[in-house]
Amino acid sequence: GHGICRNGTCECSPQHGTVGAACDIPKRCPNDCKTGSGTGTCVAGKCECDKGYSGPDCRIKNGDIQGICPKECCGRGKCKYSYGQNKYYCACPPGTGGEDCCTSYCPKDCSRRGACRGGKCFCDDGWQGLDCSKRILYCPGNPKHKSIPGPSDCYGRGVCSAGTCICPTSKFICNDGICTVQAQGYTGKACEFFDCPQNCYDINSYRTPG
């Protein structure tokens, strides 16, 4: 009466807590519910723990996992019990590992373009992103090729957008070939040239405000 016979094989009923070919062997509880100071009673293969104790084998006292899992899973993972291996283990969250979850891993190992420190990627020059997989597109006019675009991009005259300089345009008033600059603009891949109407290419013909 502890199981069901199917095709000549006994399938033991979990609620009776028995095992074996004839379902006649009482199923043992983890560590017989007696480990260290924790105690309990084995009922149908499961521990019924005494007051103040918990866990599959009644080892955990008042919810304290100290000394149960390695280094208390470094405060990162969850302390769980493996019935197959009859022991506690740390279930680590993404980005951590090791038997105690104390080892930090970086996304995609920083794509081999940076250094992993404390679970965070510090990217090599020219790369960015959480996993250092995105290339920084520098603009011309940035001689130092800084990791973060700055005032030196486009010679400080334009705006760097995805590796392309967007240069401001000029506003002129021209009389008899003489151009008076109201707002200086620039042109060129790095905004390196003065922007001038077609009839005012001679730099000497400029008149700037003031």
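These questions and answers concern the cysteines of a predicted model. Local features need pLDDT of at least 70, side-chain atom pairs count only at pLDDT 80 or more, and totals for chains, interfaces and linings use all residues. Residues are numbered from 1 along each chain as its sequence is written, and side-chain values use heavy atoms, with hydrogens and water left out.

Visitor: How many disulfides does a search of the whole structure find?
Guide: A disulfide is a pair of cysteine sulfur atoms within 2.5 Å. Searching the whole structure on that basis gives a count of twelve.

Visitor: Which parts does the disulfide of C33 and C47 tie together?
Guide: The sulfur atoms of C33 and C47 are 2.1 Å apart. Strands (E) are DSSP runs of at least two residues, numbered from the N terminus. The pair ties together parts 14 residues apart in sequence, because C33 lies in the loop between β4 (25-26) and β5 (34-35) and C47 in strand β7 (residues 46-49).

Visitor: Is the disulfide of C49 and C58 left-handed or right-handed?
Guide: C49 and C58 are joined with an S to S distance of 2.2 Å. The torsion about their S-S bond is about -90°, so this disulfide is left-handed.

Visitor: Is C49 buried, partly exposed or exposed?
Guide: Buried means under 20% relative accessible area, exposed over 50%, and partly exposed in between (1.4 Å probe, protein chains only). C58 has 0% and so counts as buried. C49 has 27% relative accessibility, so C49 counts as partly exposed.

Visitor: Which cysteine sulfur is nearest to that of C10?
Guide: C10 is partly exposed, at 34% relative accessible area. C10 is in no disulfide, and the nearest cysteine sulfur, 4.7 Å away, is that of C23.

Notes:
Helices (H or I, at least four residues) and strands (E, at least two) are DSSP runs, numbered from the N terminus.
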